[in-house]
Amino acid sequence: MKLLIVEDDRSLSRSINDYLKMEGHVCEVALTFHEAINKASDNKYDCIIVDIGLPDGNGLDLIRELKSNKSTGGILILSAKSSLDDKLTGLKIGADDYLTKPFHFAELSARINSICRRNKFLGLNEITFNEIRINTDDNQVYVNDKLLTLTKKEYDLLLFFMANRNRIITKESIVEHLWGDDVILTDSFDFVYTHVKNLRKKIMVSEGRNYIKCIYGFGYKFIDS
Amino acid sequence: MKLLTKSTYYFLLLSILAMIAGGVFLYLTIKRVIYEQIDNSLITEKTIIQDQIEQTDTIPDFEASFGHQIEVKLLNYPLRKYQFIKDTDIYDSKSDSFNPFRYIFYSGNSVEMKGYIITIFQALSEKDELLQDLAIYMFFLFFSLLLISILINYLIARKLWRPFYISVNRASRFDIQSGKPLDLPETDIKEFGQLNEVFDNMTRKMRNDYLNLKEFNENAAHEIQTPLAVIRSKTDLLMQQKNLNKDSISLIKSINEATTRLFKLNHGLLMIYKIENQIFHEKKIISLKHITEISLDNYKEIMLLKKINVEMEAMDEALVEMNSVLAEVLISNLLSNAVRFNVDGGFIKCHFDDRYLIFTNSGLPLNIDPEILFRRFHKGSDNPQSAGLGLSIVKKIADTYGMMVTYTYLDNIHEIKLQYRH
């Protein structure tokens, strides 16, 4: 997937670039409003990640500009302010999602995947990984074509793993993904563990393989070994 | 003690002292005047009798004079000339009592050197009665004077201090968050004018400081987000590297934990600022019961895991007019606490009636004062993952909508009571 990262903080934009490249995306970085406009007019991106606070302009204006140029790519807003107004405005003028800093890369990756899925495969919302097939339209999961009954959280977790295949996902990012960051759950790591365990069990009962590896000290990795 | 009461009290005390002293002095003076008068009349009478004896050697007819009792004795031998005036009591057989008298004793010699003694008595009972009457009148006079002056003093003081009380009252209702000025009353008393000026300057300075501090905090909280994002992104990248050794893993893990904590803290603070700044101003009618049901669903698996039994006791939909985001944050924070601090096999009871929303849950004993639970950064547990902001966010939201939130703890049962309607 071809992505444009519009973020004025060099260090952060480089990290995002590095991570998304590891994910197999083709990335370009724009540090300013104008650079972003230039790059977006020359190229076609599948998704543009826009920081709201840019030195020479507002990210929201950039989105308006992109939309008026009939850009078809998805737009994900990054913002230091978890401001509801910004979020609502952003979504109203055509952004697909909104992510507040600081974020986990796993989360960013999941959001980008979800945006691209929505934009690209219209009507074909299916993720397949070996024997696992997920239909994101009706939220059904099949293993070896057998329907798997998952709870909402287990389903979200599987989708999260799918979006971050072969990457280490921290327990913190899973907690934030599943419960949102307004909620402060302390012993939630045990719950993550239990959810992961249950999910793994359910897949294996349907004769799926065990893809979820526990990574000591960090969290988990969904890997085809 | 109120200033008015205190000043009246002192006034009363000092006036009574002054009046007692004045009264005693007046009484003694009057008494002395009366005695002088008596003594003068005794001496005058004595002189008349003495003159007559010394000139004519006859005892005058003293029946008519002054109403004194006079005794004169003529002797055949000479006496030393001697005079004194004294008080005495004389027995009165009619009333079987002693009556006070004042008398003059005079001994002298006539022309023929024959001694004589004059004793003149003046009954004091009438004078004493007069004195007594005077004392009573005086007492009433003083007493009414006292009452009148207290009243006047009180009225004047009340009038004088009125601007002061108004100022104090307005100052005590000063709300640093509302941008309203103090609006102190005009006064022609210089000192109160100064006081008002001081109040005015102080509150203006306080508000400026407060706004500066708030702005600083908000900016700081927002500015921290990007560096935090950088740290988090770098650790995320670091983690993905192959062949990390155990030490590096443990280092990255610590950095990751600390970053998460900092993030939670910052997130909570930003939430509080946003509530304070009324960012969430849009209101609509919301059912707290409905929100609770949705929120409970979010914790469904966790509660299943901890074997927490949930009991709903809904007598009311608990409809309130508030911001939907804040309502969710409010309920979610309360429930998250109820789940977090619960014990395995415990329970959560959600009760709704027409005024209250009560969440009761089993849990571990509380080792701190429930009063300070609502303060920022106060933690009920030593868990580093908790920022200690949850309940102060709850309080902030409750305050915003004039709701009362109270916490009680008894025998491992925790109860949060939210009065959402008056």
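**Loops, a helix pair and the chain contact**

A:Pro102 sits in the loop that joins strand 7 (97-100) to helix 5 (105-120) of chain A. The model is a predicted one. In it, the peptide bond from A:Lys101 to A:Pro102 is cis, and its omega is near -10°.

A:Asp145 lies between strand 10 (140-143) and strand 11 (146-148) of chain A. Its phi is near 60°, a positive value in a residue other than glycine. A:Asp145 has 8 other C-beta atoms within 10 Å, so this residue is exposed. The cut-off for exposed is 12 or fewer.

Chain A as a whole contains eight helices and 14 strands. It has 225 residues, of which 46% count as buried. Among contacts in chain A with a separation of 6 or more, 56% join residues 24 or more positions apart.

Chain B also has a residue with positive phi. B:Ala318 is not a glycine, yet its phi is about 55°. The residue belongs to the loop between strand 6 (309-314) and strand 7 (319-322) of chain B. B:Ala318 has 24 C-beta neighbours inside 10 Å and therefore counts as buried. For buried, the cut-off is 20 or more.

Two helices of chain B pack against each other. The axes of helix 3 (residues 190-240) and helix 4 (residues 246-276) of chain B come within 10 Å and cross at roughly 155°. Helix 3 of chain B is therefore roughly antiparallel to helix 4 of chain B. The crossing is left-handed. On helix 3 of chain B, the contact residues include B:Asn217, B:Ala221, B:Ile224, B:Leu228, B:Ile231 and B:Met239. On helix 4 of chain B, they include B:Ile252, B:Ile255, B:Thr259, B:Leu262, B:Phe263 and B:Tyr273. By class, this helix contact has 13 nonpolar, six polar and two charged residues.

The two chains also meet. Their contact takes 37 residues from chain A and 38 residues from chain B. On the side of chain B that touches chain A, helix 3, helix 4, helix 6 (300-305) and helix 7 (324-340) each supply at least two residues. Helix 3 of chain B gives the largest share of that side, with 13 residues. By class, the side of chain B that touches chain A divides into 15 nonpolar, 16 polar and seven charged residues.

Methods
Residues are numbered from 1 along each chain as its sequence is written. Chains are lettered from A and ligands numbered from 1 in the order in which they are written. This is a predicted model: local features need pLDDT of at least 70, side-chain atom pairs count only at pLDDT 80 or more; totals for chains, interfaces and linings use all residues. Axes are lines fitted to C-alpha atoms, for helices over the stretch in contact, and angles run from 0 to 180 degrees between N-to-C directions. Helices (H or I, at least four residues) and strands (E, at least two) are DSSP runs, numbered from the N terminus. Angles under 35 degrees count as roughly parallel, over 145 as roughly antiparallel, 65 to 115 as roughly perpendicular and the rest as oblique. A crossing is left-handed if the near helix is turned anticlockwise from the far one by less than a right angle, and right-handed if clockwise. Two residues are in contact if their C-beta atoms, placed from the backbone, lie within 7 Å. Ala, Val, Leu, Ile, Met, Phe, Trp, Tyr, Cys and Pro count as nonpolar, Asp, Glu, Lys and Arg as charged, and the others, Gly among them, as polar.
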